[in-house]
Amino acid sequence: MNKLTVRLNLFVKLIRMRKIKFILQKEFIQIFRNRTMLPLIFGIPIIQLVILVHAATLEMKSIEVFVVDKDLSSLSHKIVNKFDGTPFYEIAGVSFSLDEAYEAIEKDEADFILHIPYGFERDLIRENKSEAQLFINGINAMTAGLINVYSISIISEFNKNIIVDLTKMPQVKNMNPINISESYWYNPELNYKIYMLPGILVILVTIISMFLAAMNIVREKEIGTIEQLNVTPISKVEFIIGKLVPFMIIALFELAFGLLIGKVFFHVPIVGSLWLLFGFTFVYLLAVLGIGLFISTISSTQQQVMFIAFFFMLVFILMSGIFTPTESMPMWAQRVNIINPFYYFMRVIRMILLKGSGLWDISKELISLLIYGIIMLSLSVWKYRKVA
Amino acid sequence: MIENDNIIEVKGLVKKFGNFIANDNLTFDVRRGEIFGFLGANGAGKTTAIRILSGLLYPTSGDVKVAGFNVYKEREKVKKNIGYMSQKFSLYEDLTVRENIRFYGGIYGMSKKYIKEKTELLLERLKMQEIQNTLIKSLPLGWKQKIAFSVAIFHNPKIVFLDEPTGGVDPITRRDFWEMIYETSHSGITVFVTTHYMDEAEYCDRVSIMDQGRIEALGKPGELKEKYASQNMNEVFIKIAR
């Protein structure tokens, strides 16, 4: 017990605010004196948010359909008109020959083929059923799936109407005993930008803080000043705190700046508490900066840092759930996501901004990241050697 | 003082990097207040030894005491009492002269006020008041070295380790630099300096000459010249290193 208090006292004695203040002062002077730094801090968020939010969209627009209508009946015309009439589809070409349609797909001039065979209308009237075909270019599985779903919905809508037309039945409603009505929560208009912006903001805040922190210590190694610091009685904890705080402040500022852009340009809703969001981000940054510092303690050149950080960043971003829900990933991938800081923040920022989740709702993620941060920071303090 | 007169005591210091023996059983003492020259050709093991003495490297074996403290066990106490100037340049190029001084003073735990007063005195002594707000990167090498030296002794250490402090500058600047070393020594700080310029050896109170990881000779420059029947330290060195 006595030993523990001695240890604690020693720890408290090791952290002297006065010394940390001098490190902070020096770091800030260096950051703001660096000419590439300010454009980086202000330019990157604007470019990333404004361009990426527009570009990284999964919304379907101008999907090209090649029509092969061999029937040329009034019914086949109606179907083609339905496809033509939606804002998502554009007719890329019309022909009687399937070969010509295949060619259009091969040349990437069309995304799918709508094939209405000869005798389409006749079969429907005589046998009460008929067939049309869709050939979809499956290279982009996601688009292909969307085309499939959307085309089926057009055709089933169409089905209902033919039945009405052909049978002239008065009580149409009885034909659909189950009526599905949809209502989308939290993002009623299914606005893709509102979903993407928080995700891109996560990437932005993470990249800036992780890279800057990782580059910083290794830069001191490269220019040799680290050695001068290592002969001083400065403690490792003081040193790491001094290196951490500036990037923490910059990253929190980036978040605020990004939210402002989101609010002004994309009208992103901020349903939940901003305090909670910034509090969570603080904990998140402990983990991210911890990773950055750890990378810089195990590297000896900026090049190494770039490679290591880039590798992890890419894997983590793709697995984070920015585009696809993590729940639909294979089990092993979901397990790997335990060490993916992006994964936690991606969920939580959307929960707080769009759903207005409270502290209790995000407590699991918060605690996980807190543990993560403590582990990474301890690792970097432990791995940072004043003596070789 | 009741302590003995040796400020550095080294007994049987060995440092191996894999199979390579950088320091082979070094034993020597440095006396309080003297200018101790640590000579040797490039790669003789001088830098390794100085890095061990200043707590940057762990020795493989041996007993090393600096300022009365054990280098392995009381590293942080050793660090309070030493200054260090490496051959690799150690000031921040993107900070001004004044900012560099303030930063290093600060991390030794000095107060802002004290740093400020001391900086004024220092700048006056170096005649550098006019360039105090100039970035280090735009200063000539000789000036940078003087500032680096001043920063290394800013916190009044008992010993200062200088690792090839005069590398790459002209003889006049080197002369100036040695003036600074003398002044420092007069103020009571022990100076431990490595060099491969043999003329500089003449300025030291005592020198040791290293060759291939071993100390081959140790003594006053005059004694060594006599012992090896040489006109100057250069000859002594060539006779020892063959």
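What do the buried residues of α3(B) pack against? In this predicted model, they pack against α2 (17-33) and α9 (225-230) of chain A, together with α4 and α5 (141-152) of chain B. Helix α3(B) is mostly covered, with 10 of its 11 residues buried. The buried set runs through B:Val97, B:Arg98, B:Glu99, B:Asn100 and B:Ile101, then picks up again with B:Phe103, B:Tyr104, B:Gly105, B:Gly106 and B:Ile107. After the helix comes B:Gly109, which has a positive phi, near 85°.

On the chain B side, B:Leu56, B:Tyr92 and B:Ile107 supply 21% of the area buried against chain A, more than any other three residues. B:Ile107 also belongs to the buried set of α3(B).

The polar side of the interface can be counted too. Across it there are 12 residue pairs in polar contact.

In one of them, the side chains of A:Arg33 and B:Glu99 meet at 2.8 Å, N to O. B:Glu99 is among the buried residues of α3(B). There is also a salt bridge between the side chains of B:Arg51 and A:Glu227, at 2.2 Å from N to O. This pair crosses between chains, going from helix α1 (residues 46-53) of chain B to helix α9 of chain A. Both B:Arg51 and A:Glu227 are buried.

A:Thr232 sits in the loop between α9 and α10 (236-266) of chain A. With a relative accessible area of 1%, A:Thr232 is buried. The side chain of A:Thr232 reaches the backbone oxygen of A:Leu229 at 2.6 Å. Setting aside residues up to four places away in sequence, A:Thr232 touches A:Lys386 in its own chain, along with B:Glu76, B:Lys79, B:Ile107 and B:Tyr108 from chain B.

Moving on to chain A by itself, there are 15 helices and 4 strands. Of its 388 residues, 45% count as buried. Among its contacts with a separation of 6 or more, 79% are between residues 24 or more positions apart. The chain is divided into domain 1 (23-56 + 189-383) and domain 2 (63-175), and 48 Å separate the centres of these two domains, taken over C-alpha atoms.

A:Lys243 pairs with A:Glu27, their closest N and O atoms being 2.5 Å apart. Since A:Lys243 lies in helix α10 and A:Glu27 in helix α2 of chain A, the pair ties together parts that are 216 residues apart in sequence. Both ends are out of the way: A:Lys243 counts as buried at 1% relative accessibility, and A:Glu27 is buried with a relative accessible area of 1%. The two belong to a network of salt bridges that links A:Lys26, A:Glu27, A:Glu220 and A:Lys243. A salt bridge in another setting joins A:Lys107 and A:Glu103, with the closest N and O atoms 3.2 Å apart. Here A:Lys107 is exposed, at a relative accessible area of 51%, while A:Glu103 counts as partly exposed at 43%.

A:Ala214 is in helix α8 (residues 192-223) and has a relative accessible area of 0%. Beyond its neighbours within four places in sequence, A:Ala214 is in contact with A:Gly292, A:Ser296 and A:Val305. A:Thr326 lies in the loop between α12 (302-319) and α13 (331-336) and is buried, at 8% relative accessible area. Leaving out residues up to four places away, A:Thr326 touches A:Met319, A:Ser320, A:Gly321, A:Gln334, A:Asn337 and A:Tyr343.

Note on methods: Residues are numbered from 1 along each chain as its sequence is written. Chains are lettered from A and ligands numbered from 1 in the order in which they are written. This is a predicted model: local features need pLDDT of at least 70, side-chain atom pairs count only at pLDDT 80 or more; totals for chains, interfaces and linings use all residues. Side-chain values use heavy atoms; hydrogens and water are left out. Buried area is the accessible area (1.4 Å probe) that two parts lose on being put together, summed over both. A salt bridge is a side-chain nitrogen of Lys or Arg within 4 Å of a carboxyl oxygen of Asp or Glu. A polar contact is a pair of N or O atoms within 3.5 Å; within protein, one must be able to donate a hydrogen and the other to accept it, and residues adjacent in sequence count only if both atoms are side-chain atoms. Helices (H or I, at least four residues) and strands (E, at least two) are DSSP runs, numbered from the N terminus. Buried means under 20% relative accessible area, exposed over 50%, partly exposed in between (1.4 Å probe, protein chains only). Contact means heavy atoms within 4.5 Å. Domain bounds come from an automatic or database domain assignment.
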